[in-house]
Amino acid sequence: MKEERGAKLRLSLAMLVFGSIGVFRRYIPLSSSWMAFTRGIIGTIFLLLVVLLSGKRVDKAAVKRNLLPLLISGAAIGVNWILLFEAYRYTTVAVATLCYYMAPVLVIVFSPLVLKERLTAKKVVCVLTALVGMLFVSGIFQGGASAGINAKGIAFGLGAAAFYATVMLTNKFFREISSYDSTILQLAIAAAVVLPYSFATGGIKEFSELTPVQTLLLLVVGIIHTGASYWMYFGSMQKLSGQTIAVYSYIDPAFAVVLSVVFLREETGLFGILGAVLILGSTLFSEWKGKNG
């Protein structure tokens with residue numbers, strides 16, 4: 001039980017950090033593709049240095065034992081980044097985010113088939129409540145997103161959700177591998193997948209135009225938002241059920257809304273606040289009194 005509580009705490013912290021990346025992204029003038037590649041490679045190097053400085057080594061036997069799920073999840077992360085950025089390109093952020101956060105729903109649906117987990121009524125109700133919250137957060141009820149709906153953007157967003165769900169499900173198949181080792185390999189593979197797309201869509205000269213402050217923010221995104229956060233995220237995945245992970249993932253967009261209001265002065269309104277309450281409330285209720293959900 002103590003180990004499970006620790007995993008839930010790490011997952012919650014990871015979701016909170018993920019939710020803040022939008023604020024940092026606003027001040028880093030890199031294309032989405034190079035931003036994705038850079039966060040992946042910096043996160044990989046950071047975790048590799050942590051492992052080496054701690055006197056440890058990457059467990060090659062564990063990597064070999066888990067090579068297939070590592071390759072699948074790492075590639076899925078990279079493709080997920082690309083599809084999500086393309087969704088932002090073709091439709092509004094609200095619509096893209098709404099489509100993207102179908103991923104936890106896909107995990108709930110497929111976890112009984114893939115992971116042989118019991119699907120409870122409580123989990124279904126909580127996910128449906130969170131989805132209603134996402135509808136409020138997206139602004140779709142206020143008419144702000146309807147004009148920006150685009151079939152191609154929706155397809156990219158749902159594709160990103162599918163690959164995000166693939167990561168969440170595949171990570172449950174890891175056996176006897178440390179979260180450091182798995183995260184290093186996954187981020188490295190993701191960066192390798194994103195690199196060709198980055199060269200195909202933009203020049204590397206973008207980096208020469210960054211100011212020192214922008215470079216520092218990029219390092220924070222790579223080290224904190226990617227290296228440290230993915231380590232907490234993937235480490236917690238191995239200790240929690242797929243359904244619990246799915247519901248907790250809604251902390252990310254709810255916190256992103258709060259930060260956008262506080263730091264970016266973006267208007268959210270009553271619908272946004274109500275959505276955040278529904279999302280966080282469903283997360284807390286899903287875990288109330290332990291194992292019933």
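I call a residue buried under 20% relative accessible area, exposed over 50%, and partly exposed in between (1.4 Å probe, protein chains only).

**Ground rules.** I am working with a predicted model, where local features need pLDDT of at least 70, side-chain atom pairs count only at pLDDT 80 or more, and totals for chains, interfaces and linings use all residues. Residues are numbered from 1 along each chain as its sequence is written, and side-chain values use heavy atoms, with hydrogens and water left out.

**Entry on phi.** I learned that most residues other than glycine have a negative phi. Then I looked up Glu176, whose phi is positive, near 55°. Glu176 sits in the loop between α9 (151-170) and α10 (179-201); helices here are DSSP runs (H or I, at least four residues), numbered from the N terminus. Glu176 counts as exposed because its relative accessibility is 67%.

Lys116 is not a glycine, yet has a positive phi of about 60°. I found Lys116 in the loop between α7 and α8 (121-138). Its relative accessibility is 67%, so Lys116 counts as exposed.

**Entry on helix packing.** At what angle do α1 and α13 pack? Helix α1 (residues 2-19) packs against helix α13 (residues 251-263) at about 45°, and their axes are 7 Å apart. Axes are lines fitted to C-alpha atoms, for helices over the stretch in contact, and angles run from 0 to 180 degrees between N-to-C directions. That angle makes α1 oblique to α13, since under 35 degrees is roughly parallel, over 145 roughly antiparallel, 65 to 115 roughly perpendicular and the rest oblique.

**Entry on Leu113.** Leu113 belongs to helix α7 (residues 103-114). With 59% relative accessibility, Leu113 counts as exposed.

Note on methods:
Helices (H or I, at least four residues) and strands (E, at least two) are DSSP runs, numbered from the N terminus.
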